[in-house]
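Please look through the structure first and keep it open while reading.

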Amino acid sequence: MANHVGFIGPGIMGRPMASNLMKAGNALSVYGRRAESMKPLTDAGAKACKSPRDLAAQSDVIFIIVSDTPDVEEVILGENGVIHGARKGSIVVDMSTISPNATRQMAAKLAERGVEMLDAPVSGGDVGAINGTLSIMVGGKPAVFEKVLPLFQAMGKNIVHVGENGAGQVCKACNQIVVAVTIEAVSEAITFARKNGVDAAKVRAALMGGFAGSKILEVHGQRMLDNVFKPGFKVKLHQKDMRIVMEDAGKLGLGLPAAALVTQHLNALMGAGDAELDSAAIIKAVERMSATRG
């Protein structure tokens, strides 16, 4: 549907996502803060841009995936931001995980310029990004979603329009709550087994066949058994996402006790220098409380 696609943020997730857009036959412009992050895409035929503003001026649809809310605000609203280059009728698609409220505010500011916005955070990690099998949770106008859907289908498999602007970010926050609290549950179960002198690997195998079975128990449970926490999804990013959850919960007057507990464990891991580990390392915080391992 697009004559030209722009992509901002060619990092661990963004680079393979952008590559999949190119493989689907889309002409691509790319912007990254580091020239080396753009090189694999420019080597494949993408056009490097000097700024988000420059990229937006030549793109029908502008995808963004960067680290945190302030980064998205700078990319969209900053001095050389997308808002200053985007043409009327173009579409900004933010695939970062950020504040729902900030998303709504940016969508409103873009709308004043005649520019549409979708928030479309993803789940599935770098493997899903590489394989084009991401889950994509989308907020924004249904008609705009339908226009961008063919591009989403180049990057993901489970693509759901959740609601209006901000709804995609709310959905991603829900995802992060479920993942974090489930990691906590698996951490506590494995620690309980070990403290009782029972083979935690056999406990995991037994649980996998029952109602307690889950993707978290399968993947992160194995990481915990091996005591190997090469990321996947880093502690520092999961902590950032849970901070967004707790900030929004505070504004809503919403009690989320389990989410709050896991957030504190992620905070403790950050303080212990474990920011770069996979967030399955939550078990390390649980173990330290009981002097079990870690």
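**Cavities, a pocket and a helix contact**

1. The largest cavity holds about 50 Å³ of space. A cavity here is, on a 1 Å grid over the protein atoms alone, a set of points where a 1.4 Å probe fits but cannot get out, and lining residues have an atom within 4 Å of a point; grid points are joined across faces, edges and corners, and a volume is the space filled by probe spheres set on the points. By this rule there are 2 cavities of 30 Å³ or more.

2. Please keep in mind that this is a predicted model, in which local features need pLDDT of at least 70 and side-chain atom pairs count only at pLDDT 80 or more, while totals for chains, interfaces and linings use all residues. Residues are numbered from 1 along each chain as its sequence is written, and side-chain values use heavy atoms, with hydrogens and water left out.

3. The largest cavity is lined by Thr 97, Ile 98, Gln 169, Ala 173, Gln 176, Asp 241, Ile 244 and Val 245, and the elements that give two or more residues to this lining are α8 and α11. Helices (H or I, at least four residues) and strands (E, at least two) are DSSP runs, numbered from the N terminus. By class, the lining has 4 nonpolar, 3 polar and 1 charged residues, where Ala, Val, Leu, Ile, Met, Phe, Trp, Tyr, Cys and Pro count as nonpolar, Asp, Glu, Lys and Arg as charged, and the others, Gly among them, as polar.

4. The second largest cavity has about 30 Å³ of space, and its lining consists of Val 186, Ala 189, Ile 190, Ala 200, Val 203, Arg 204, Leu 207 and Leu 217. Two or more of these residues come from each of α8 and α9 (200-208), with α9 giving the largest share, 4 residues. This lining divides into 7 nonpolar, no polar and 1 charged residues.

5. The second largest pocket (an open set of grid points with protein on both sides within 12 Å along at least five of seven lines) contains about 160 Å³ of space. It is lined by 13 residues, of which Val 170, Ala 173, Ile 177, Val 245 and Asp 248 are the closest to its centre, and α8 (167-195) and α11 (235-252) are the elements that give two or more residues. Its lining has 11 nonpolar, 1 polar and 1 charged residues.

6. How does α8 pack with helix α12 (residues 257-271)? The angle is about 70° and the axes are 9 Å apart, axes being lines fitted to C-alpha atoms, for helices over the stretch in contact, and angles running from 0 to 180 degrees between N-to-C directions. The two helices, α8 and α12, are therefore roughly perpendicular to each other, a term that covers 65 to 115 degrees. In this contact (heavy atoms within 4.5 Å), Ile 177, Ala 180, Val 181, Glu 184 and Glu 188 of α8 meet Ala 258, Ala 259, Leu 261, Val 262 and His 265 of α12.

Notes: Parallel < 35°, antiparallel > 145°, perpendicular 65-115°, else oblique.
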